[in-house]
Amino acid sequence: MADDKLASDLIERIYAVAIEPERFEELAEFWHERLSKAAKAEFGNFADLVNHLEEHAHRADTILSMTTSGLHALPASMREQLNADPHACLAFDTSGHVRAVNEAAHLSFGLGVGAKLSDMNFDDQTTEDLSRAISGVLSSDGEKSASILVRARNKDDDRQNVIAVSKMITASGLRLALLKTAEFVWPSKLDAIVQAAFGLTEAETDIVRLLTIGLDATAIAERRSASITTVRSQLRTIYEKTETRNQSELLRMALAMTRLNLVERDQESDAAVISELGLRARPYPRPEDRRMLTVADGRILDYACFGASDGRPVVFHHTEFFGDGWPAEMVREAERLHLRIIAPARPGNGRSTVIPDDQNALTTFAHDLSFLLDKLHCKTAVHVSQMAGTQFALAHTNLYPDRSIAHVIVAPIFPFDAGVKGARPPYFHRILASALNSQAGIIRFLSKAGLAYFNRVGPEQFFLTFARGREIDVSTVRTRTNLEAMMHGAKICGAQGYLGYFSDYRDKIEDPMPKFLNPDVPLWVLIGEDIPKQENMNLQLVLERHTCAQEVIAQNGGSYLFYSHPQLVLDTIVEAFEAQASS
């Protein structure tokens, strides 16, 4: 009876996620609490249960593919054009659902892909007028039709807007109605560029932004909880820095900058035209840093090199979520410290070929990495890893201990079971830890569902999900330079759909504790002070048993130490090199 109830509850949630990827968190919590108990033989035949679940996961996979097939309705060129527009833009299909949305619309309306017209905060008359306009442009003949202007009124107040409704047709023939508001929204990417180009402080940049959305000095003072005297003084400084004479000139200059194409393009696209100082704020690796290497069996290994070109080699094993993104300021500090960052994209990530099914991904990647280091003339390196990257760093260190100066683990969260009673990894990793003891079909479905969840809620909300209310992690994600680096790095994780996630977890570490303890390689473990002890109890056991391990506590640190404590990360890497030099 217990077996039947467990199976039916899990199956129900598997299909729920296939239809609504936003419910992935719910599945993750339930999966670990119930399936992990089943694995410990508290229920009947666990193997039969897993086989049964895999059958349903295969069917749910088909449903999930149908559910998510429209997440990227627009080709890359259209998405770039949409995201570069400082006005809110949403594309609706014939069923009345949002198929594409730019950042300005997300900020204005809080809507994402899959939202309905009724979700916009307009009164009933406006919603009716917009629905009629959408039907009109979609039913019109020809590829183009005249725009329809609709006067829109907010439901909660008397604020009015004007919305232009026009037709869009993709190369595949998909007909969409594009809604574009007249209301201006300051592009978030502009903050760093304006600061870098004119040497403005964050406060001064915020004042420029508030001017562009129509606030006067008095309203700005109220918004910023500052005195009118302070705001006027800051405005005079802004005029001097931007070489404008008055508010009108400043406003014209700022609005002109919003029309620049600030979208980061692919390597094959024309380079975005922004100032050299603006480029300095872009995260790494940049297109010119990326390379491809042909390894065994004709497979491709995608990798990046940045930092000091002749510096001390640091192999960076990226996460499975925000990839290999480094904030620009952190890279400049790495250059000052004479560090050369080598960042290989694991199988299924970026352009790296997925490892064949008959090979162990961990072992094969270890050999590939050794081959890459030979090509780069690096005999040894310090290895830095996060999350799933730690599994691959361990595999390489065990097979090639002589090539590792040290292993630095940053915010050590990944699913492995060292048999420590009471250990409780974070909720998403709990589901993976349980699934690792299951079959590939379940891992495949969970990987696809996790990616669908990422695509549905967007990267910022996805990263905030893992913050789990920790103030430092929430603040880290909401810092623009950090979020841009995380989003930038995340591109390699989803470049081949779910295959990167699947490849990361399809082969579990056999006996992880000996993998930590066997190599006589120095180990540094950076742990956030605010992380609950239950989440890193496995690593605490490693620290107790490892002959040359050091724990580094990050004061006021959480899960995102790489971005919240970049100097601590770099200082630890340097310490590892110096310890080797003195030994």
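Me: Start with a helix residue. Where does Glu 333 lie, and why is Glu 333 called buried or exposed?

Reply: Glu 333 lies in helix 13. This is a predicted model. The relative accessibility of Glu 333 is 16%. Buried means under 20%, so Glu 333 counts as buried.

Me: What does Glu 333 touch beyond its sequence neighbours?

Reply: Not counting residues up to four places away in sequence, Glu 333 touches Gln 567 and Leu 570. Contact here means heavy atoms within 4.5 Å.

Me: How do you know whether His 318 is buried or exposed?

Reply: Its relative accessible area is 0%. The cut-off for buried is under 20%, so His 318 is buried. The residue sits in a loop, between strand 8 (312-317) and helix 13 (328-336).

Me: What is in contact with His 318, leaving aside neighbours within four places in sequence?

Reply: Gly 323 and Asp 324 are among the partners.

Me: What makes Ser 309 buried or exposed?

Reply: Ser 309 has a relative accessible area of 64%. Exposed means over 50%, so Ser 309 is exposed. Ser 309 belongs to the loop between strand 7 (300-307) and strand 8. Its C-alpha atom is separated by 5.9 Å from that of Arg 340, which is 31 residues apart along the chain.

Me: Why is His 338 called partly exposed?

Reply: The relative accessible area of His 338 is 35%. Buried ends at 20% and exposed begins over 50%, with partly exposed in between. The value for His 338 falls in that middle range, so the label is partly exposed. His 338 is in the loop between helix 13 and strand 9 (339-344).

Me: What is the phi of His 338?

Reply: The phi is positive, about 65°, although His 338 is not a glycine.

Me: Which peptide bond is cis at Pro 285, and what is its omega?

Reply: The bond joining Tyr 284 and Pro 285 is cis, with omega about 0°. Pro 285 is found in the loop between helix 12 (276-279) and strand 6 (290-294).

Me: Which residues make the contact of helix 18 with helix 19?

Reply: Helix 18 brings Glu 460, Phe 463, Leu 464 and Ala 467. Helix 19 brings Asp 473, Val 474, Val 477 and Arg 478. By class, the contact has five nonpolar, no polar and three charged residues.

Me: Which residues of helix 18 are buried, and what follows helix 18?

Reply: Phe 462, Phe 463, Leu 464, Thr 465, Phe 466 and Ala 467 are buried in helix 18. Arg 468 follows helix 18, with a positive phi near 50°.

Me: How do you know that helix 8 and helix 10 are roughly perpendicular?

Reply: Helix 8 (residues 202-212) and helix 10 (residues 228-242) pack at about 95°, with axes 10 Å apart. The range for roughly perpendicular is 65 to 115 degrees. Helix 8 and helix 10 are therefore roughly perpendicular to each other.

Me: Which residues meet between helix 8 and helix 10?

Reply: Ala 203, Glu 204, Ile 207, Val 208 and Leu 211 of helix 8 meet Gln 234, Leu 235, Thr 237, Ile 238 and Lys 241 of helix 10. That contact has six nonpolar, two polar and two charged residues.

Me: Last, the whole chain. How many helices and strands are there, and what share of the residues is buried?

Reply: The chain has 25 helices and 13 strands. Of its 583 residues, 53% count as buried.

Definitions and conventions:
Residues are numbered from 1 along each chain as its sequence is written. This is a predicted model: local features need pLDDT of at least 70, side-chain atom pairs count only at pLDDT 80 or more; totals for chains, interfaces and linings use all residues. Side-chain values use heavy atoms; hydrogens and water are left out. Helices (H or I, at least four residues) and strands (E, at least two) are DSSP runs, numbered from the N terminus. Ala, Val, Leu, Ile, Met, Phe, Trp, Tyr, Cys and Pro count as nonpolar, Asp, Glu, Lys and Arg as charged, and the others, Gly among them, as polar. Buried means under 20% relative accessible area, exposed over 50%, partly exposed in between (1.4 Å probe, protein chains only). Axes are lines fitted to C-alpha atoms, for helices over the stretch in contact, and angles run from 0 to 180 degrees between N-to-C directions. Angles under 35 degrees count as roughly parallel, over 145 as roughly antiparallel, 65 to 115 as roughly perpendicular and the rest as oblique.
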